Amino acid sequence: MLAQFTVADYLLHRLGELGIDTIFGVPGDYVLEFICAITEGDGAAWVGNCNELNAAYAADGYARVKGAAALVVTSGVGDLGAAGAIAGAYAEHVPIVVISGVPGPGTGLSGRSMVHHSLGDGDFGPFAQMFGEITTAQATLTAHNAAAEIDRVCRQAWLDKRPVYITLPDDVATTPIPHPDRPLDLRDELSDRRELDDFVDRFTRATQDPARIALLVDTGVRQFGHTAALDGLLRDSGLRWASTWAAAWDLDTSAPGYLGIYFGAAERSNAVSYLNTADVLIRLGSRCDEFGVGKADPAYRGTELVEIQQVGATIGDEHYPTLRMPDVIEALAKALDSGQHVSGTSPPRRPRAPVTAEVDKQLTQDHFWECFANYIRAGDTVVVDTGTCNFGLRSIDLPSGVSVLSQNIWGSIGWSLPATLGAHHAAPSSRHVLLIGDGAFALTAQEISTMLRTGRAPLLVVLNNEGYLIEDFAGGRWMACNDIWAWKYSALADVFDGHSVYKPLGLRVSTEDELDRALGEAAPAQDDGRLVVLEVVLDRSDAPRLMRDLQLR
């Protein structure tokens, strides 16, 4: 006899249609039936995490690569533990389907209502209300509405690129339900054709005379999945273009016409100088952040501005509310004359000079980042935490074909380590490298155990300077509260390998020659499927070049 198709099966089927083949979470009594449907089924794999915050961060990293993710927790003690990470996913437009298990009526001992994990009253509704502020759609499933509500919230997560929240009673999870009779509808509304034609006509007139046209890319392009289309437009048109600070790693900067990052004073930045004097400025996917000043500020308006969002576009004072970004990118690619908007190409990337390591010479930030640039190769995925590591990575040039994941708006320290776990599950063929400071590492280090248990082999680079250096810079001076008690970080590789099965490699370096040897060991170890923890000991006050430059401005 075939097993019945249940609400849990229906939900898993729809998650599969979102491209989700791995589900993260922490078991809890109210969600065990749903987790069993995962582990006993032949679809998505289950990855149990050390805590709910880490699980949500892992889902975040997975979704940034695969397009969507799922998180399974029990209500109250579970979902609130993940709330900070889900708020970050909301801020950064990362779609995660949060599935929070609650007890059904009369499911406790002797048929009494369950009270544990609630606020002492057996009411689990307040937790869903809290998540209403940090998710784009919510649903409480019943036996009667499950199919329609699952379809609604999954579609909303996909279109809005933001988390959604599903309350799943444990008795509803096992309730029989018909199979879906059609695929999940993930289509967005279409641009109005007449409106699109009017937009293209006005754009063509604005660029008819010899004009300096420039394009500024922000994170909204990547968040909604349009980087490939825009890469094609830039490559074929030859437009001069720049990225914002947050979008610096989103597009292929080897494309002709790349000017750099729109940041800083015009006299010190070709990108700022060129864009500020452009006759027509095309701005795509603008987002608010502290670095988006001048014409990168979404509040900026000017007659020369062409503004394109995921939904809606403007030219000067004319608004086109129905236009969708992919339709506009396609239309612009046809409207622009190929290769006519730039003379020559972007300067070729300079070959990397070999870095000489001196014996017993103390490591500096500058030397580390020069060596790290030589370690990275095309096809790698680099996950970088907020703070000093983020500035350090921005201080070097990366090869084409390297994917960088960062959390620029929410900026939660510790995000990157579980996000590396999630990204590694999403793209197992890519070599993964984590860059994280010692303070951030302490928040989420437990997920090394999950990496080992699930066969992931990233290189985890921990910068050990015994302090929150970025906070010292923010405060303008050394502060005692930013000091950190040092761990033996490299030793944790073995600590988390409790049965001595996975043979991770732990390395600790404090001099240039030690770093040179360690990177030489790390590469083959990763290629052999071994996780590597590389502890890099640095001076408490040493900072990457870009951080020093910003402090002087």
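Predicted model: local features only at pLDDT ≥ 70, side-chain atom pairs only at ≥ 80, totals over all residues.
Five bridges tie strand 18 to strand 19 (residues 532–537), and the two run parallel. Within the pair, Leu505 sits opposite Val532 of strand 19.

Now widen the view to the sheet around this pair. It is an open sheet of six strands, in the order 15-14-16-17-19-18, and its pairing is parallel. Strand 15 (403–405) and strand 18 (505–509) form the edges, each pairing on one side only. On average, neighbouring strands in this sheet are turned by 15° against each other, direction ignored. Helix 15 (residues 416–426) packs on the sheet. The helix touches strand 14 (381–384), strand 15 and strand 16 (432–437). Its direction makes about 170° with that of strand 16.

Strand 7 (residues 213–217) pairs with strand 10 in the parallel sense, over five bridges. Here Ile213 has Val280 of strand 10 as its bridge partner. Strand 10 is also joined to strand 11 (residues 305–308), by four bridges and again in parallel. Leu284 has its bridge partner in strand 11, namely Ile308. Strands of a sheet pair through backbone hydrogen bonds, either parallel or antiparallel.

Which way do the side chains of strand 10 point? Val280, Ile282 and Leu284 point one way, while Leu281 and Arg283 point the other way. In a regular strand the side chains alternate between the two faces of the sheet. Both groups in strand 10 are buried, Arg283 included. Strand 10 is thus mostly covered, with five of its five residues buried.

The largest nonpolar core holds 88 residues. Leu15, Ile23, Phe34, Leu71, Ile96 and Phe441 touch the most other members. Helix 3 (residues 52–66) gives this core its largest share, seven residues. Take Phe34 as an example. Leaving aside residues up to four places away in sequence, Phe34 touches Ala8, Leu11, Leu12, Val72, Ile99 and Leu168. Another core lies apart from the largest one and has 35 residues. Its members include Val382, Cys389, Leu505 and Ala522. Leu505 is the residue that stands opposite Val532 in strand 19.

Is Ala45 buried, partly exposed or exposed? Its relative accessibility is 38%, so Ala45 counts as partly exposed. Beyond residues up to four places away in sequence, Ala45 touches Asp21, Thr22, Ile23 and Ile38. One of these, Ile23, is among the core residues that touch the most other members. Ala45 and Asp438 lie 393 residues apart in sequence and 31 Å apart in space, C-alpha to C-alpha.

Finally, step back to the whole protein. Its secondary structure comes to 21 helices and 19 strands. The C-alpha trace spans about 80 × 70 × 45 Å along its principal axes. How does the radius of gyration fit a compact globule, and why? For 553 residues, such a globule would have a radius near 24 Å; the protein has 25 Å, so the two agree. Of the 553 residues, 55% count as buried. Take contacts between residues at least 6 apart in sequence: 74% of them join residues at least 24 apart. The protein exposes about 23800 Å², and carbon and sulfur atoms supply 51% of that area.

Methods:
Residues numbered from 1 in each chain as written. Heavy atoms only, no water. Buried < 20%, exposed > 50% of the residue type's maximum accessible area, 1.4 Å probe, protein only. Contact = heavy atoms within 4.5 Å. Pairing = 2+ DSSP bridges. Axes fitted to C-alpha atoms, helices over the stretch in contact; angles between N-to-C directions. Rg over C-alpha atoms; globule rule 2.2 N^0.38 Å. Areas by Shrake-Rupley, 256 points an atom, 1.4 Å probe, with all protein chains shown as cover. Core = buried A, V, L, I, M, F, W, Y, C linked by side-chain atoms within 4.5 Å.
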